[in-house]
Amino acid sequence: MCVHRRLKDYLSPEAYKNDFERFDNCYEVIWKCAQSMPYPDFYQAWHQQEKVKDGE
């Protein structure tokens, strides 16, 4: 499984303004994950974190 789920939190507007280098690095890793995974797998992994946060 790709590590992008933990990196997703760094794609906020605050991270973009306050620490662009970290934002850019996280974006690059997530982009590589998206390119290397089948879309349904990436979609599920991307949204899985939201379910965990919501307590589902």
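**Entry 1: helices and the loop at Lys8**

Helices here are DSSP runs of H or I with at least four residues, numbered from the N terminus. With that in hand, I looked at the model, which is a predicted one. I went to Lys8 to begin. I found Lys8 in the loop between α1 and α2, where α2 covers 13–18. Is Lys8 buried or exposed? Lys8 counts as buried, since its relative accessibility is 15% and the limit for buried is under 20%. I then looked across to Trp46. Lys8 and Trp46 are 38 residues apart along the chain, yet their C-alpha atoms are separated by 8.0 Å.

**Entry 2: the whole chain**

I listed the elements next. The chain has four helices and zero strands. Read from the N terminus on, the order is α-α-α-α. The chain has 56 residues, and 25% of them count as buried. I also looked up the surface. The chain exposes about 4,600 Å², and carbon and sulfur atoms supply 53% of that area. Residues 24 or more positions apart account for 50% of them.

**Entry 3: confidence**

The mean pLDDT of the chain is 79. I noted that 77% of the residues reach 70 or more. Where is confidence lowest, and where is it highest? The lowest is in helix α1 (residues 4–7), at a mean of 65. The highest is in α3, at 89. Where pLDDT is low, the predicted coordinates should not be read in detail. I kept that in mind for helix α1, with its mean of 65.

**Entry 4: the nonpolar core**

In soluble globular proteins, nonpolar side chains tend to be buried together. I looked for such a group here. The largest nonpolar core has seven residues. I wrote them down as Leu7, Cys26, Ile30, Cys33, Met37, Phe42 and Ala45. Which element gives the largest share? That is α3, with three residues.

I took Phe42 from the core list and checked its setting. Phe42 sits in helix α4 (residues 39–53). Its relative accessibility is 14%, so Phe42 counts as buried. I also checked how Phe42 stands to Ile30, another core member. The two are twelve residues apart along the chain, and 9.7 Å separates their C-alpha atoms.

Cys26 was my next stop. I left aside its neighbours within four places in sequence. Which residues does Cys26 then touch? Cys26 is in contact with Leu7, Tyr10 and Leu11. Leu7 is on the core list too.

**Entry 5: aromatic rings**

I counted ring pairs and got six aromatic pairs. One of them joins Tyr16 and Phe23, and this pair is edge-to-face. The ring centres are 5.0 Å apart, with 85 degrees between the planes. I compared the cover of the two partners. Tyr16 is partly exposed, with a relative accessible area of 43%. Phe23 is buried, at 15%. I followed the ring pairs further. They link Tyr16, Phe20, Phe23 and Tyr27 into a cluster.

**Entry 6: salt bridges**

Side chains of opposite charge can pair when their charged atoms come close. How many salt bridges does the structure hold? I found two.

One runs between Arg22 and Asp19, with 3.6 Å between the closest N and O atoms. Arg22 is partly exposed, at 41% relative accessibility. Asp19 is partly exposed too, with a relative accessible area of 32%.

Glu28 and Lys32 also meet in a salt bridge, at 3.5 Å from N to O. Both residues lie in helix α3 (residues 20–36). They are four residues apart, about one turn of the helix. Glu28 counts as partly exposed, at 39% relative accessibility.

Methods:
Residues numbered from 1 in each chain as written. Predicted model: local features only at pLDDT ≥ 70, side-chain atom pairs only at ≥ 80, totals over all residues. Heavy atoms only, no water. Salt bridge = Lys/Arg side-chain N within 4 Å of Asp/Glu carboxyl O. Buried < 20%, exposed > 50% of the residue type's maximum accessible area, 1.4 Å probe, protein only. Helix = DSSP H or I, 4+ residues; strand = E, 2+ residues; numbered from the N terminus. Phe/Tyr/Trp six-rings, centres within 6.5 Å; stacked < 30°, edge-to-face > 60°. Contact = heavy atoms within 4.5 Å. Areas by Shrake-Rupley, 256 points an atom, 1.4 Å probe, with all protein chains shown as cover. Core = buried A, V, L, I, M, F, W, Y, C linked by side-chain atoms within 4.5 Å. pLDDT = per-residue confidence, 0-100.
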